[in-house]
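Morning, everyone. Please put the model up on the screen, and I will talk through a few of its features.

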Amino acid sequence: MLIAIILLVLVLGTVAFHFLSPWYFTPIASNWSSMDDTITLTFVVTGLGFVLVNVFIAYCLIKFRHKPDRRAEYEPESIKMETWLTIGTTVAISAMLAPGLLVWADVVTPPDDAVEIEVLARQWNWSYRLPGEDGQLGAVAVSHTSSDNPLGIDPSDPFGQDDIVIYDPVLHLKVDEAVTFLLRSNDVLHNFTVPQFRVKMDFVPGQVSYIWAEPNEVGSYDLLCEELCGVGHYAMRGRVIVDSEETYAAWIADQPTFAETQGELDTNLMAGESSYAVCSSCHGVNGEGNKAMHAPGLAGMDAEYMRRQLRHFKRGVRGADEADTWGRTMAPMAMMLVDASAINNVVSYIGTLSGQHDFNDDTSYGLSQAVERYEPSASGDPSKSAALYESTCGECHGASGEGVWTVNAPALAGLEGWYLAEQIKNFRDGVRGRHADDLYGLQMGLVSNTMTDDQAIEDMVAYISTLGENLDAPVKLAQQR
Amino acid sequence: MSNIFTEQPWIADTGPLTPALSGAQISVNARRSALKMLLSVVSVFFLLMIVAYGGRMLYQDWRPTPQINLLWGNTGVLLLSSLCLQAALLWARAGKADWVRGALIGAGILTVMFLAGQLAAWQQLISMVLGDFSNPAVGFFFMITGIHGLHMAGGMVALMRAIKRAFSQSDIQSIEHNVSNCALYWHYLLGVWLLVFGLLFTGNNFEVLLKICGFI
Amino acid sequence: MEHIAHDETSFVRPAEVGEMELYHAKTWLGKYVFSQDAKTIAIQYAATAIAIGMVALVLSWVMRLQLAWPNTFAFIDPAYYLQAVTMHGMIMVVYLLTALFLGGFGNYLIPLMVGARDMVFPWLNMISFWVYFTAVVLLAASFFVGGGSTGAGWTLYPPQAILPGTPGSEAGILLMLASLAVFIIGFTMGGLNYVVTVLQARTRGMTLMRMPLTVWGIFVATVLALFAFPALFVSAIMMALDVLLETSFFMPAIMTMGNEANHVGGNPLLFQHLFWFFGHPEVYIVALPAFGIVSDLISIHARKNIFGYRMMVWAIIIIGALSFVVWAHHMYVSGMNPYFGFFFATTTLIIAVPTALKVYNWVLTLWQGNIHLTIPMLFSIAFLLFFINGGMTGLFLGNASVSMPLSDTLFVVAHFHMVMAVAPVMVVCGAIYHWYPKITGRWYHEGMARFHFWVTFVGSYLVFLPMHYLGIMGVPRRYFEITGTTFLPDSAQAVNASITIAALVVGFAQLVFIYNLIVSAMNGKKAPGNPWNATSLEWQTEHTPPQHGNFGKELPCVYRWAYDFSVPGVEDDFIPQNVPPRTTTPEAAS
C-alpha cells in the first residue's frame, strides 16, 4: 500500500518539480530555438510515458495486491498486445527522432554567409583569431607556436598577416550575425560552451572542429570549457560579449593584427628608462621593490604578465576595488603609458634591471630589505602545502615556480612572500580578479579558494619561497658588503 | 528438435524422463566450444587493430614501415609449425604414437623459432628507426606483432600439456582432441599472421586495403 | 534433439552431453581460498566487488562534500577531486557492477539454474577470480604511487590522460591501464566458463527457452563482455605504448606546458571510438543481468508468469546485438564527423523500442497478478521507477540535437546514475535478499531490510532527480566548483547541498544493509529450502545451502519452463521445473 502511495507521490512530485522549480534552461540568446522546441516536445512525450506507466504500476500494486483468496491469471504471452505496444512505441519514438534529426541537419550545416572566427583553446585559457580584411585565416602550426606567436600563425603566409589576434579570453561578436566557430586546440581536448547559445563542440588537437550560431541578444555570456582538460578545467573561463554594430566596430578597431603584434616587439629602451623614472620612487631604482610602500620587486618578473597587469591597471580591470588600497595607486601610474608600445618599452627596460638593493652602510637599509625579501616566511610550514602546490598550483605555474607561458601563468619563484600572501588573499576574497574582463583573475580566485584559511596561505607562500635558484645569493652578497 | 524460434516453453513435456547419468567424463565438446568462442573474441581483437591501422593509413602523413626480409622467413617457419600440427592430428587419428610425439615436438621447436625470429625482427626495426617510435606504422607493427606473439606463446602452454600427455599415454587416440584443439589454434593464428603480414607489413598495400574495406 | 511431441506417448529426451566430473577439494586452502566450486567463487567475487565498491562509495562522499560546501574542506583540492571522480566511476562500473553481476551472480546462479553440478571449467573459474583480485589490487595501488591515481575521468581520454596538467598522468594512468588489462584477461576466462556452461551443461530437458530470464540476462551480457572488452584492451595497450614508448597512436602534434611534445599524427578520436565501442556494450553488460533477474523477482513475488517470455528473451538478444552499433551517441559533440550523428541517433532510438517492450512486460506481469510486497518485490518496483525515469532521459541524450545543450552537464551524470547505477543496484539488493535464504540457509532481519529499502529508494530518487535540473540549467560535469558564473543562480548551490545530504544518508543506510547480511548469516532464523515457493531449479536442491555438486546424487530432469505460477486447474500456485506433468507437486512426483 505504502509503496503505491510513495510511488505516486514521487511521480507526481517529479511533474510538480518540473513545473514549479526555478531551475530550467537559461534564457536562449541565439537562433537555436528549434533545439529548445524539440526538447520541449521530448519532455511532453517522455513525461506522458513516465506518468502513465508509473501510475499504472501504482494501480496494479493496489488492485492486485495479495489477498488470501487472490489468484493470479495465467497468460504466457499475447502477440497481439506486444505488436500494438511495439507499433505505439515506434510511433512515439519517431515523433521525437524526426524533428531531432531535422534540427541536427541544421546544426551541421553553417550558412554560407557565416563569419568564421577561430577559437584557440589551451590549458586553461582562450584566444581568438579573425580573418581580417582578406577574409581568410592564415595557416597555423604547432611548430610556429611560441611566446611571441601564441597562436602559431605561419609568418610566411600572407593571409595570416592581417589576421586579427585576440590574446585575451574575452571575445566580442556582432548581434544578429551568424558565426562559424572554428575550434582549434594546441594541447588537449577542450569544449566550447556558451549555455545561452545552446550548441557546443569539443576541440580536438590535431584537427579543427566547428559549430555555428547566430547570437540575437546583446549581452555578456560565460564561455565554459566542458570537456575535462586537467586540474584547471573548472577555472577555464572565457567571456563572449554580443555587441550592437557600433559597439562592436569600436572594439574591433582596437584589436591588433598579427603583423602589428610582431612589429610591437621592437623596443625602445631609452623611452622605457624615462617612463620608469616615476615607477622607481616605489619600486626602486633597480626594480628591487619596497615593502613599506607595498611595491613588489619588478626585476625578474614575467614580461607578458607585467604587460597584462599594466593594461589591466590602465583600464580599471585591476586595482579598482575599494578594498584594494595599494592597487588603486597603480591606476594613475599606468595611465601615463599611452599605448602598447609605451607599455612594451617600460617592461623591456625593467627586464634589464638587476633587482639589487642599494646599500646604505649606516642604516643597513638594503641588507634588511634583502633578507626580508628572500628569507622563507617564519609563520608558514612549506611541507603542509607541498602536495597542494605539486598537484594544482604547479600545473600552471610550473613545478619549480618558473611560470608557463601557454597557461599565461607568471613565475612565482623570486616573488616576495608578503606580496604573494597579499595577492592570494586579494584573489580569494574577491578584492582582485572580479572585474568582468579579468578571466585570469577569476581563474586565480577559483583556485585560491582551495586555501581555506589564512594559515594555508602562509604555508603556501612558505613553500613557494623555497622554489627557484640562487635565492640566497643576494643575501650573501649583501652580507659581504 | 526444439529451437529458440519456435518453441513454446509453457507447454510441459509429457511422460517421465529418465534421469541423467552421473560420473561421466568432462565434455570434450565444452573445450572445443570454449576454444571457438575464444577465437571469435581474438578475432574481434585483431579486427579492431587492423581497422585502426587502416584508418590511420588514410592520413596524409602516412609512411609505411621499412621492409624487414626476416619476416618472410618467420612466415615460413610458422607455416611449417602448422603443418607439423596438422600431421600430428592425422597421425593421432591413425594411432601412430611416435610420429605424433615427434610432430608435436617439431611444432613446438618451430614455434619457438618463430618467436625468436620475431624478436630479432623487432631488434632490426628498433635499430632502423633509431629508437624513435613516433612513426605510427612502427607503433602498430610492434603492437600487432607483439599481441600475435603473445597469443602464440600462450598456445605453447597448451602444446606443452599435449606433449606431456602424448608421452604419458600409450593410447594416442585419447589425446586426439588435445591435438585437434592445438591444431585449430595454430591454424587460426597462422591465418591471422598471413592476413596481417600480407596486408600491413609487406608494403604500402593502401589501395588493397581500401578495396577490401569497400572504400574504392 | 527432437521436436517436442505433445501427444500421450511417453517421451524420453536424451541428455545433450554427458555429465561432468567434479573436482573435490581436499585441503582448507583448496576449499575456501583456491576453491573450484562456483558457489564459493561467487561469494569471493561478490565480497571483493562490494568491498572495492565501498571505497568508491566513500569517494562519492568526497565529491559530494566538495560540491555542496566548496572551500570548506582543505583536504579536497582540484586534483584530489578529479581523482575521486575518476576512481569512483571506474570502480563502480567495471570493478563492482560487472564483477558482481557476472562473477558473483553468474557463478552462483548459472550452474544451479541450468541444472549443472558446477561450471564446465572449474580450475579456470578459480584462476579467473584470482586474476580479478589482482586487477583490484593493481587499481588500489594507484592511490599510493607518486602523483596518485589518474584524474582523467573514468573515460580516460587522451591526450590529457597522459600529459602534465592531469593528476596521475605518469604512474597512475599506467597502473589503471594495467589493471584494466588484467581485469579483461580474467573476465575473458570467466566469460568462457559462463557461456560454455549455458551452451553445453544444461541438464536433461532444460532447453534454452526453458531457462529462467536470469540466466538469459547474464548469458547475453557475458557474450557482450567477451566481444566488447577487446576494444578496451586494444585502446589500453595503445595508450600505454604512447606513454612508455612515445608512440603516437592517440597523440597529435601538441604543446605541453609550453614545450612541443615529441608526438605527431595521432588521433584522440580513435581512442574515443575504441573506448565507446567497449563502453556502450558495457552499460548493457551491467543492465542485461539486472533485466533478467528483475523479471524473475517480479514473476515469483507476484505469483504470475513473466508476461511475454519469448519476447523478453528476444528483446535481450536484440538489445545485446544493437548495443554494438550505437556507441557514438557518446560522441555527438566530440568533434567527430558530425554526419555520423544521423546514423547513431537513429540506432540509439531504435534500441529504445525493445527496451520499452521489456518495461511493458514487467508491468503487465504485475497486472492481474497476486502481488506479495516482500523485500525483493519492493526493490523490483524501485527498479521500475528508476529505470523508466533513466530510460526517458536517455531519449533526450540519444537524439543528437536535443542532447547538445545537455552534453557534458550534470544531466548526463543524473541520467546514467538513474539507469545504470541506481536501477541495477536496486536489483542487486532485491536479488541478494531474494536468494539470501538459499545461499545462507537463514533469513535476513526484516526490519533492517525494510529500513534499508525505504531510505535507499526515496533517498536515491532525491539525490538524482534534482541533479537533472542542475544539468538543464547548464552546470557542467567534472567541475570542482560552479561559482563565478553569471548565469547560475545561487539556489544551484542549495540544490547541491540538498543532494549531498540525501546522498550521505543513503550511503549510511548501506552500512545497515552490510551489517544485516553479515549478522543474519550467523544468527538469522533458519529458512526452508524454497521459502518463496519458486519454480526454478536452484530452489529444488536437496540441501540448503546447496552443497558441492548442487543436486545430490541425481541431476534434476526438467519438464517445463520456469514460470508455471498460478496454473489453472492446479491447487498450488506454482509448479517447479523438475515436476513431471499430470503430477503437480514435487512430493507427488517422487
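Start with the second largest cavity: 14 residues line it, and those nearest its centre are Pro195(A), Lys200(A), Pro405(C), Ile472(C) and Gly474(C). A cavity here is a set of points, on a 1 Å grid over the protein atoms alone, where a 1.4 Å probe fits but cannot get out, and lining residues have an atom within 4 Å of a point. The volume of this second largest cavity is about 100 Å³, where volume means the space filled by probe spheres set on the points, and grid points are joined across faces, edges and corners.

Some housekeeping. This is a predicted model: local features need pLDDT of at least 70, side-chain atom pairs count only at pLDDT 80 or more, and totals for chains, interfaces and linings use all residues. Residues are numbered from 1 along each chain as its sequence is written, chains are lettered from A and ligands numbered from 1 in the order in which they are written, and side-chain values use heavy atoms, with hydrogens and water left out.

How many cavities of 30 Å³ or more does the whole structure have? The search finds nine. The largest cavity holds about 640 Å³. Among its 38 lining residues, His397(A), Pro410(A), Leu412(A), Phe427(A) and Met444(A) are the closest to the centre.

Last, charges over rings, meaning NZ of Lys or CZ of Arg within 6 Å of the ring centre and within 35 degrees of the ring normal. Arg308(A) lies over the face of Tyr440(A), 4.5 Å from the ring centre. In chain B, the charged end of Arg101(B) is over the ring of Phe167(B), at 5.6 Å from its centre.

Note on methods:
On a 1 Å grid over the protein atoms alone, a cavity is a set of points where a 1.4 Å probe fits but cannot get out, and a pocket is an open set with protein on both sides within 12 Å along at least five of seven lines; lining residues have an atom within 4 Å of a point.
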